Each structure stands twice: as C-alpha cells, then as structure tokens.
Amino acid sequence: MKNPKYHLYLTPDERRAVINSLIDLRNVLIAQGRYTDIIDELLIKLTKTKVKRIKVKEV
C-alpha cells in the first residue's frame, strides 16, 4: 500500500517560523548529543521546495 502524499500550504511568515523552529530543535538535539538526521532531511525538503502561489476564495 502506498503512503499518501500530503500538501502543506504556508504563508511566507509561517514557512519562516517552521524553518526557524526546526533549526532550534536541531540545536537542542545537537546539545543533547542525539541524532539530527530527520530534522536535516526536513530542512532540506523545506528549503528546496518551489513556492507555488494559489488564490484563496473568501466566503
């Protein structure tokens, strides 16, 4: 069975907050001497993704 794909739509401010939070978490893990492989992969994915503009209809 395939894993479902999820799409996350973020504003530039939200994207920046997510990246900063991941960096903070990575620093905490490094200070504790734990592995940061998962966080590193997420940071790479977030920074390499294309920014797609979409229109949002307000009701």
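α1 passes α2 in a left-handed crossing, meaning that the near helix is turned anticlockwise from the far one by less than a right angle. This is a predicted model, in which local features need pLDDT of at least 70, side-chain atom pairs count only at pLDDT 80 or more, and totals for chains, interfaces and linings use all residues. Residues are numbered from 1 along each chain as its sequence is written, and side-chain values use heavy atoms, with hydrogens and water left out.

The axes of α1 and α2 cross at roughly 160° and come within 10 Å. The two helices are therefore roughly antiparallel, a term for angles over 145 degrees. In the contact (heavy atoms within 4.5 Å), α1 contributes residues including Val18, Leu22 and Leu29, while Ile39, Leu43 and Leu46 are among those from α2. By class, this contact has ten nonpolar, one polar and three charged residues.

I turn now to the pocket. A pocket is an open set of points on a 1 Å grid, fitting a 1.4 Å probe, with protein on both sides within 12 Å along at least five of seven lines; lining residues have an atom within 4 Å of a point. Of the 23 residues lining the largest pocket, Leu8, Tyr9, Leu10, Thr49 and Lys50 lie nearest its centre. α1 gives the most to this lining, with six residues.

Definitions and conventions:
Helix = DSSP H or I, 4+ residues; strand = E, 2+ residues; numbered from the N terminus. Axes fitted to C-alpha atoms, helices over the stretch in contact; angles between N-to-C directions. Parallel < 35°, antiparallel > 145°, perpendicular 65-115°, else oblique. Nonpolar A, V, L, I, M, F, W, Y, C, P; charged D, E, K, R; others polar.
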